[in-house]
Amino acid sequence: MSAVPHERLSQADVLLEGFEALDPPEGFRAELLEGEIALKPPPDGDHEDCIALTLEQVLGRAKTDMDFSANKGLKLRGGRGCPANHVIPDGTFAPHALRLYRGAAPWMPCEGVALVLEVTSSKPAADREAKRHCYARGPVPLYLLVDREDSSVTLFSDPEGDDYRQHRTVPFGKAVRLPEPFSFDLETAEFM
């Protein structure tokens, strides 16, 4: 009997295999961000309220009919020698006409996604930095960050390479303009 040569796995391959084999505790979500595995605990009520307030406005006021998915896994290009990022935004919006979520795999590509939403929780730095770079590399056209710690909302737009070329930050209480395909001012007063 002859030995079968084994293919040497890269560190990125080993990390991806380990991530895919994870079975997180009930209520937790696992993400693979920039070469690190992160477990997200269940969110608090204020976090969920910010998502609900955003969802209500988008569904009621956007120029284009949108579909929404909470906690949809996105598979995004990795950077700096890392495996593909596996990120779970708090919310993902896509034009209804695309029916993007129908038949989608648990980890789907981001093509067709119009906007991702993150509301800061226990690790705000990941939302502010690592996820911003992941979404820009996607590229996801718009990234809306509700930063509860800073009492602000930032809209990142015009992705290029590892980052967004434009961003606009407003304090809670001020409106932020969501461009096409949304075309309305998102009110943030109730986020306070």
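This is a predicted model: local features need pLDDT of at least 70, side-chain atom pairs count only at pLDDT 80 or more; totals for chains, interfaces and linings use all residues.
User: What's the strand order in the open sheet?

Analyst: The open sheet has 6 strands in the order β3-β6-β8-β9-β10-β11, and their pairing is mixed. At the edges stand β3 (66–69) and β11 (163–171), each with a single partner strand, so one side of each is left without a neighbour in the sheet. Direction ignored, neighbouring strands of this sheet are turned by 20 degrees against each other on average.

User: And which helices pack on the sheet?

Analyst: Helix α2 (residues 45–61) packs on the sheet, where it touches β3, β6 (91–95), β8 (115–119) and β9 (142–147), and its direction makes about 155 degrees with that of β8. Helix α3 (residues 124–137) also packs on the sheet, touching β8, β9, β10 and β11, with a direction about 170 degrees from that of β9.

User: Let's stay with α3 for a moment. Where does α3 bend, and by how much?

Analyst: The bend in α3 is about 35 degrees and falls at K131. As for its span, α3 has 14 residues and reaches 20 Å from its first C-alpha to its last, which is close to the 20 Å expected at 1.5 Å a residue.

User: Is α3 mostly covered or mostly open?

Analyst: Mostly covered, since 10 of the 14 residues of α3 are buried.

User: How many residues of β6 are buried?

Analyst: 5 of the 5 residues of β6 are buried, so β6 is largely enclosed by the rest of the structure. In a regular strand the side chains alternate between the two faces of the sheet. In β6, G91, F93 and P95 point one way, whereas T92 and A94 point the other way, and all are buried.

User: What about the β10 end, how many bridges join β10 to β11?

Analyst: Strand β10 (residues 152–160) is joined to β11 by 8 bridges, and the two run antiparallel. One of the bridge pairs is E160 with D163, the latter in β11.

User: Where does V170 sit, and is it buried or exposed?

Analyst: V170 is in strand β11, and with 4% relative accessibility V170 counts as buried. V170 and S152 are 18 residues apart in sequence, yet their C-alpha atoms are 5.6 Å apart in space. Leaving aside neighbours within four places in sequence, V170 is in contact with S151, S152, V153, A175 and V176.

User: Switching to the cores: which residues have the most contacts inside the largest nonpolar core?

Analyst: The largest nonpolar core has 24 residues, and those with the most contacts inside it are V58, L115, L144, V146, V153, L178 and F182. At least two residues of this core come from each of α2, β8, β9, β10, β12 and β13, and α2 gives the most, with 4 residues.

User: What does F182 touch?

Analyst: Not counting residues up to four places away in sequence, F182 touches V58, R61, A62, K63, M66, F93, A114, L115 and L142.

User: Before I set anything up, which peptide bonds are cis?

Analyst: A cis peptide bond joins G138 and P139, with omega about -10 degrees, and P139 is found in the loop between α3 and β9. The peptide bond from E180 to P181 is also cis, with omega near 5 degrees, and P181 lies in the loop between β12 (176–178) and β13 (184–186).

User: And which residues other than glycine have a positive phi?

Analyst: Two to look at are D158, with a positive phi of about 60 degrees, and S183, with phi near 60 degrees. D158 is in strand β10 and, at 26% relative accessibility, counts as partly exposed, whereas S183 is in the loop between β12 and β13.

Note on methods: Residues are numbered from 1 along each chain as its sequence is written. Side-chain values use heavy atoms; hydrogens and water are left out. Two strands pair if DSSP finds at least two bridges between them. Axes are lines fitted to C-alpha atoms, for helices over the stretch in contact, and angles run from 0 to 180 degrees between N-to-C directions. Contact means heavy atoms within 4.5 Å. Buried means under 20% relative accessible area, exposed over 50%, partly exposed in between (1.4 Å probe, protein chains only). A nonpolar core is a set of buried Ala, Val, Leu, Ile, Met, Phe, Trp, Tyr and Cys residues joined through side-chain atoms within 4.5 Å. The expected span of a helix is 1.5 Å times one less than its number of residues. The bend at a residue is the angle between axes fitted to the seven residues ending there and the seven starting there.
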